[in-house]
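Open the model in your viewer and keep the sequence panel beside it. Each stop below tells you what to select and what to look for.

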Amino acid sequence: MTDIWSFLLQTLTASGAAVLLLALKAMFRDKLSPRWQFAAWGVLAILLLLPAGRGGRYVLLNWPFYVELLRSALTGEYGALAHITAPIPLPALRVPRSLEEWLFALYVLGVVFFLVRYIVGYVRLRLALRAGRPAAESVQAVAEEYGLPACPAIEAEGLSSAFICGVFRPVLALPAGVRTDEKVILHELLHLKYRDAAWGLVICLFRCLHWCNPLLWYCADRAGNDLESLCDQRVLERLEGEDRRDYGRILLSMADEKYARAPGTSAMANGGRNIRRRIEAIARFKKYPAGMGLVSGCILLVLAVFLTVGARAEVPGLGAVNVPAQMARARTTPCTTYAGAIDTYAKAVLCHRTDYRAMCAPLSEQNQLAESYHTAPMWTREAMGMHESYSIDSSLGYQFRNLVRVDEDTYEGLLTLALNYAPEGAGDSDYIWLAVQPLRAELEGERWVVIPQGEFQAFQALYWKSWPSSCDQMPAWEYEARSGDFILRLRRQTTSAVDSYEQEGNQLFGTRLVFGTTPLPNGSFDTQYYQHLEAEYTGSPEDKGKYTSLGAASRPIWGEVKRPELEPLAPPEQNPDATDWTGSSNQGDFWSNTTLEGDWENPVFLGGGGSTVGRAPFGRPSAYAVDFYINGQRREKLTLLPVEGEGND
C-alpha cells in the first residue's frame, strides 16, 4: 500500500468480507464446531494478505470503483489508480506534499505506534518472567497424563492467570504464590501443542495494519475468542464428568486484563469481556458428528474461493453521463491481455467512446480524457488521429495486422478499419478503403495499455465490403534474394482479432452474426497469416524463351537458427505426371511448380498459403529458406532476408 487510496481499497475489501463472515458465523453458531468457527477467520486472513483489486477483480462490492470515484470527486485527479503490490504500507521517503500524503503518513505513524506498543508490552512481559523463578508445580505430570508436549514453567509476580509466552522458545507463565488448577495447565499445554501463540502474533499484526478500522478490530477480538473457544473444546474433549462441569467455573479465574492481547502469547483473548462468550460455548459443548467436519470444510472452501477469486469488473455501459463515475468505472476495468487492450481501443474508435479509450489509455492521459469527457462524451476523430472525412463502417469490425512481439511486455501492429466510402480527395471507388493506424500495446503495472504510434492513413483494398486476407497496397513484411536473372520476393501479412461476433434475431425470423462493439478487455486473438512468393524476371526479353518452368520450396526461419535443408521438389503422389502444382503446410512451408508458356507474365507466382496462429507462429520470421528451381532442376539454395523499410522495421 503506497497511498491512502490503496489502504482504503485494502481495508474496505476486507471489511466487506468481514461483514459476510460475521453474518454467516451468527447463522451457523450452533451448527459449526469451534474448530470451524475459528477456521472461518482464515478466509479473512487470506483476503488481508492478498493485494485487493488485483486484475480488476473485487469482492462483494466493486470497491476499486468506489475508491476511484471518491478520489476523483475529492481531488479531481484521474491520472492514478489505487495499486497494491503488498498488503503492508510502503511509504515514500519524502516529506508529504498534499493532504492525501499527510493522511497516509498519519496512517503509517499509527501502524508504527501500535507495533511499538505491542513490542514494548512483549518486552516488559519477558523481563517480568525473567525475574520469576522456576515453578514448583509439576507441569510435566499433566503433560504426561494427557500426552502433550511440555515447556519450562515460570512463576512471576503480578500475574492473575497462566498463559504460554513465546513462539520459538515458549515458557508457561504461572501466577506466583497461587496453586494453578491442572485444568488450567491442560488448557495452556494445548495452546502450546497447537502453537496458538503464533496465531495471536498474526492477529496482533493485523490489528496494527488496520488500526483505524474498528470493524476489523472487532473481528480480531472475535478471532481471538474463537481461538480460546477452540482450546476450551479440546480441553472438554479430554475431561469427563464433574471435571467438565467444573471447567467453566475455573475459566473465570483465567481472565487477565493486564496482559490481554500481548503478542506472542496465549493471553490474546483472556480479557474478561470475552469470558462470557466462552462460557456460553462451554454450555453448548457437544461432540460434533464426524460428517459435520466434511460439510464445514466444503462450506469454507466454497466461501474462500468466492471471496478470494472475486468478480471481474464489467465494461461500462451507456447511461447518465456522470464524468467521475464513468471514468472511474472505465479506469477500474483493466485490460488484462494485450489482445483485450487492442480490442478495447479498436471499439473505442468504432463507437467514439471516450470511456472505452480510458480503459486502455496510459494513466498519463487520463486527466486529458476526463477533461475532454466534460466537454463532449464522444471521442472525436481529431483525438483519434483520424481525418474528419473518414467514415468508419463499424459493421465490419476491425483487423489488427502484422502483430509482432517486441519484448515480453510489448506488442506492435497495425489497426485496420473499413471505411464506408473513399476518403476526401481519393475520388470515387468501387473498392473498399481501409483506415490504418500503427499501435503499440504495453504493460503498465497490471493493466495493458495502447499507445498510438502515428495517425490513421487510408489504403485502397482489392475487395468490396469484405476483409481481404492479403492486401498488396498495405504494409507487409517483405523478404528478398537474387538468383541469376530473377529476384525472389516474399510478402507476409497477419490478421488478428478478438472474436466479437454475436447472433442476432430469433428462430422465427432467422438469426445472423453481427459484430459486437462491447470491448472484451480479457480477450485473446485469433490470428491468421498469409504469405506469397513471386519471382521477378530481370533478364533480357530475348532470353525468356529458355525458361520453361519455375518452382520453389520454402520454409520460414524463426530466430537465430541454421538454415534448414528442404526436401527435393516433386509432383504430388496422387498425380505424379502433373507439370503444375502447389501446396502448403500448417507450419508455414509451401511449394509449387509453374509451367511457363509463350510470353509468360512477369512476375511469376511461386506459391504461398496461410494458416491460423494455433498451427503456426504468428509473428515475423527472421528469414525464409527457399530452394529455387528452373526447368525442373534446383538452381540455388537461397536465404531470403528482410527488406529494410516500412513494415519491416
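Rings of Phe, Tyr and Trp (its six-membered ring) pair if their centres lie within 6.5 Å; planes under 30 degrees apart count as stacked, over 60 as edge-to-face and the rest as tilted. Keep that rule for the aromatic stop. This is a predicted model, so local features need pLDDT of at least 70 and side-chain atom pairs need pLDDT 80 or more, while totals for chains, interfaces and linings use all residues. Residues are numbered from 1 along each chain as its sequence is written, and side-chain values use heavy atoms, with hydrogens and water left out.

**The whole chain**

Show the cartoon. The protein has 16 helices and 22 strands. These are DSSP runs (H or I, at least four residues, for helices; E, at least two, for strands), numbered from the N terminus. Of the 649 residues, 49% are buried. Buried means under 20% relative accessible area, exposed over 50%, and partly exposed in between, with a 1.4 Å probe and protein chains only. A contact means heavy atoms within 4.5 Å. Among contacts with a separation of 6 or more, 72% join residues 24 or more positions apart.

**The aromatic cluster**

Select Tyr338, Phe400, Tyr411, Trp448 and Phe525. They form one aromatic cluster. The whole structure holds 22 aromatic pairs. How far apart are the ring centres of Tyr338 and Trp448? They are 5.9 Å apart with planes at 65°, so the pair is edge-to-face. Tyr338 is in helix H13 (residues 338–351) and Trp448 in strand E10 (residues 447–452), 110 residues apart, so this pair links distant parts of the chain. Tyr338 is buried at 18% relative accessible area. Trp448 is buried too, at 9%.

**Charges over rings**

Select Arg234 and Tyr194. The charged end of Arg234 sits over the ring of Tyr194, 3.6 Å from its centre. The test is NZ of Lys or CZ of Arg within 6 Å of the ring centre and within 35 degrees of the ring normal. Now pick Arg492 and Tyr529. Here the charged end of Arg492 sits over the Tyr529 ring, 4.4 Å from the centre.

**Strand E13**

Go to Gln493, in strand E13 (residues 486–497). Gln493 is buried, with a relative accessible area of 2%. A polar atom of its side chain lies 3.3 Å from the backbone oxygen of Pro475.

**Helix H4**

Select residues 99–130. Helix H4 has 32 residues and reaches 46 Å from first C-alpha to last, close to the 46 Å expected at 1.5 Å a residue. The expected span is 1.5 Å times one less than the number of residues. Its buried residues include Phe104, Tyr107, Val111 and Phe114. The buried residues of H4 pack against elements including helix H1 (4–27), strand E5 (171–175) and helix H8 (214–236).

**Loops to finish**

Pick Asn62, in the loop between strand E1 (57–58) and helix H3 (63–75). Asn62 is buried at 10%. Leaving out residues up to four places away in sequence, Asn62 touches Ala313 and Arg329.

Most residues other than glycine have a negative phi, and most peptide bonds are trans. Check Arg195, between helix H6 (182–193) and H7. Its phi is near 50°. Arg195 is exposed, at 56%. His352, in the loop between H13 and helix H14 (354–359), has a phi near 55°.

Last, select Asn602 and Pro603. The peptide bond between them is cis, with omega near 5°. Pro603 lies in the loop between strand E19 (590–595) and strand E20 (604–612).

Definitions and conventions. Polar contact = N/O pair within 3.5 Å; in protein donor to acceptor, adjacent residues only side chain to side chain.
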